[in-house]
Every structure is written in C-alpha cells, then in structure tokens.
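Take a look at the protein model below. This report walks through its helices, its charged pairs, its cores and its rings.

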Amino acid sequence: MPRSQARKVIVTCAVTGSIHTPSMSPHLPVTAEEIAEAAIGAAEAGASIVHLHARNEKDGRPDQTPEAFEPFLRVIKQRCDVVVNLTTGGSPFMPIEERIAPAVRWAPEIASLNMGSMNFGLFPMLDRFDSFEHDWEREMLENSRDLVFRNSFKDIEYALRAINETGARYEFECYDTSHLYNLHHFWKRGLVKAPLFIQTCFGLLGGIGSHADDVMHMKRTADRLFGDQYRWSVLGAGRSQMPIAAMAAAMGGNVRVGLEDNLWIGPGKLAESNASQVIKVRQILEGLGLEVATAAEAREMLALKGGDNVGF
C-alpha cells in the first residue's frame, strides 16, 4: 500500500488514571511535573491524544479539583500540540459533580464520559502486591469489593448539559453492551453529536471481558447502533492491552495505551514510561501497514474545536 493511502490510527495515551497506586510502580506519574513530562513524552512518541487525571502530590491519591490540573495543562499546551482529553471518571468513589469540575473549568477539546453504572472491582490487585506505602491504597482496593461506579441516566445527562456548554466533545467509555445502548439513547435525544468517539473498554472486573469474542461483540453492536456515525477505539486492561489494540487496529479501530490501563510493557517487566507503550503500539500499527494520526489529523477525524479554543 502506498504510504499516502495508509489508514490513520488515533493513539490515545492515558498517562496515570486513578486505578493504579504509587506503590505498584515507581514509574507511575504522580506530581504535576511528572504528569506533564509523561504526556509530552507520549506525544513525542506519537500519541495523538493524552487522557489526563490529576493526583495529590504528597500521597498520589486521585485529586479531581480543577486546581490540581492547572499546572500540567499549561505546561503541556506550551510544549506540544497534542489533543488534551480530561477525565470525568475521576475516581469511581466520587460524585458526578466533583468528577466533571475540571472539564467544566478548563473546557478541553475532549472529555471522557462513562456511559453506565457498573461494579468496579479493583480488589484482585491486593493479591499482587505485598505492601503499600500509603494507607489509602489498600483501603481503596478493599472498598472496591462493594463499589458500584455510579453513572445513572441523571448523572450522564447532568454531565452532558454542563460540558456541552464548553464546546468539548467526548470519549464515550463503554465497559459493556448496555453502555452502547445508553449512548444511543442520548444520541437519539440530540444531547450528543456525531462523529461519536467510542472507547470500548475490556478486561476490568465488573465490565465485559477481554476475549476476542467480546471485542467482536462490542464492535458489531456499535456498528448496528451507530453505522458510520462513530469512530471506534479500544483499551485493554492489564495484559490484554496490546493484543486487543492489535486486534482492533486490524479491524479498523483506534487504540488507547498508557499506565492508567496497564503498568507493564511485557511479562514481568514494568513499563518505565508511557512513551514506551506508545512506541510499542506504534510498532504494531506500522507492522500492519497503518500510520499513527497526528494531533491535527485526530482533530479532523473527531471534529474537535481545536487547541486554541480550550480554557487553559
């Protein structure tokens, strides 16, 4: 295939998240400086989009105050042209009002949005780590045995109406088939507009699994519900990260990597940076005859408002 005809693939890098804790990896970004450097490094490695959470700089716990995002947002904007995607997931223990505050304040090009309530089981990670530096880490994992990540229809509509005012578009995070139907409901009501950027999420306990049949099922369902009005992307949790990325890319999809979803770069080897995962998935994509989309190309593919129209 001539280079000019290679399909462009959007690579999102989720650099820190709220699921993994500082004791799990010395490479997990915690401070604003570390998060900025991780995002810029991912962009330089080829990521079109960076998906961002903030953390308390002292103990690494999730921090969803708008003020916690400001230092790294400004640095990222000054130093590169990557598309910024701000979480509204925050931590699954937070109410929706707290979770959407950064996106409302900073008006990014993209905000993530979880499309349904679900059990959110992080407690299996307790078996993988012997000790934790901070008390909150073990407590959070234990408490996920009884955690329902609330994303009710009321919550989702509240988030949409508030964030729509900023001109941001969405990364719709769908952890199960019902979440696709929930998104379809809001699309038909006119609260969200095409092209829809749908991130199907695999391998988290409480959501759909990471079998190839699960990937196929979510893609078939999205195709039936949305036709050509959406752009498909995938994330695989843990060891399923790269296999699911490869499978989806071969099927016409886009991909997400990063330490939010997986701390490892290979069996028994921690990823030393987010950029290393971007480089690895880029090698997979290029091996399939595909090209990584630039930030400008991602903006065109997703009909984004542009980096000059954000609030930071």
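Start with helix H3, residues 96-106, whose buried residues are Ile96, Arg99, Ile100, Pro102, Ala103 and Trp106. Buried means under 20% relative accessible area, exposed means over 50%, and partly exposed lies in between (1.4 Å probe, protein chains only). Helices (H or I, at least four residues) and strands (E, at least two) are DSSP runs, numbered from the N terminus. Seen down the axis of H3, the buried residues fall within an arc of 140°, so they line one face of the helix. That arc is taken from the directions from the helix axis to the C-beta atoms.

This is a predicted model: local features need pLDDT of at least 70, side-chain atom pairs count only at pLDDT 80 or more, and totals for chains, interfaces and linings use all residues. Residues are numbered from 1 along each chain as its sequence is written, and side-chain values use heavy atoms, with hydrogens and water left out.

What covers the buried residues of H3? The cover includes helix H2 (66-79), strand E4 (83-86), strand E5 (110-114), strand E7 (148-149) and helix H5 (153-164). Contact here means heavy atoms within 4.5 Å. Just after H3, Ala107 takes a positive phi of about 45°. At Arg105, the charged end sits over the ring of Trp106, 3.9 Å from its centre. A charge sits over a ring if NZ of Lys or CZ of Arg is within 6 Å of the ring centre and within 35 degrees of the ring normal. Lys77 also lies over a ring face, that of Phe312, at 5.9 Å from the ring centre.

**Salt bridges**

A salt bridge is a side-chain nitrogen of Lys or Arg within 4 Å of a carboxyl oxygen of Asp or Glu. How many salt bridges does this rule give? The count comes to 17. Here are some of them.

| Pair | Closest N to O | Accessibility |
|---|---|---|
| Glu157 and Arg161 | 3.0 Å | Arg161 45% |

Glu157 and Arg161 are 4 residues apart in helix H5, so about one helical turn separates them. Glu286 and Arg282 are 4 residues apart in helix H9 (residues 274-287), so about one helical turn separates them too. Some salt bridges share partners: they join Glu171, Glu173, Arg256, Glu260 and Asp261 into one network.

**Nonpolar cores**

A nonpolar core is a set of buried Ala, Val, Leu, Ile, Met, Phe, Trp, Tyr and Cys residues joined through side-chain atoms within 4.5 Å. Which residues have the most contacts inside the largest core? They are Leu52, Phe72, Ile76 and Phe226, in a core of 74 residues. H1 gives the largest share of this core, 9 residues. Leu52 touches a list of residues that includes Val15, Ile35, Ala39, Phe69, Phe72 and Ile76, not counting residues up to four places away in sequence. Apart from this core lies another, of 23 residues, among them Leu122, Trp136, Cys201 and Leu235.

**Aromatic rings**

Rings of Phe, Tyr and Trp (its six-membered ring) pair if their centres lie within 6.5 Å; planes under 30 degrees apart count as stacked, over 60 as edge-to-face and the rest as tilted. The whole structure holds 8 aromatic pairs. In Phe153 and Phe186, the ring centres are 6.1 Å apart and the planes are at 40°, so the pair is tilted. Phe153 is in helix H5 and Phe186 is in helix H6 (residues 177-188), 33 residues apart. Phe153 is partly exposed at 48% relative accessibility, whereas Phe186 is buried at 0%. Phe226 and Tyr230 have ring centres 6.0 Å apart and planes at 55°, so this pair is tilted. Both Phe226 and Tyr230 are buried. One aromatic cluster is formed by Phe120, Phe149 and Tyr175.

**An exposed loop residue**

Where is Asp127? Asp127 is in the loop between strand E6 (118-119) and helix H4 (135-143). At 72% relative accessibility, Asp127 counts as exposed.
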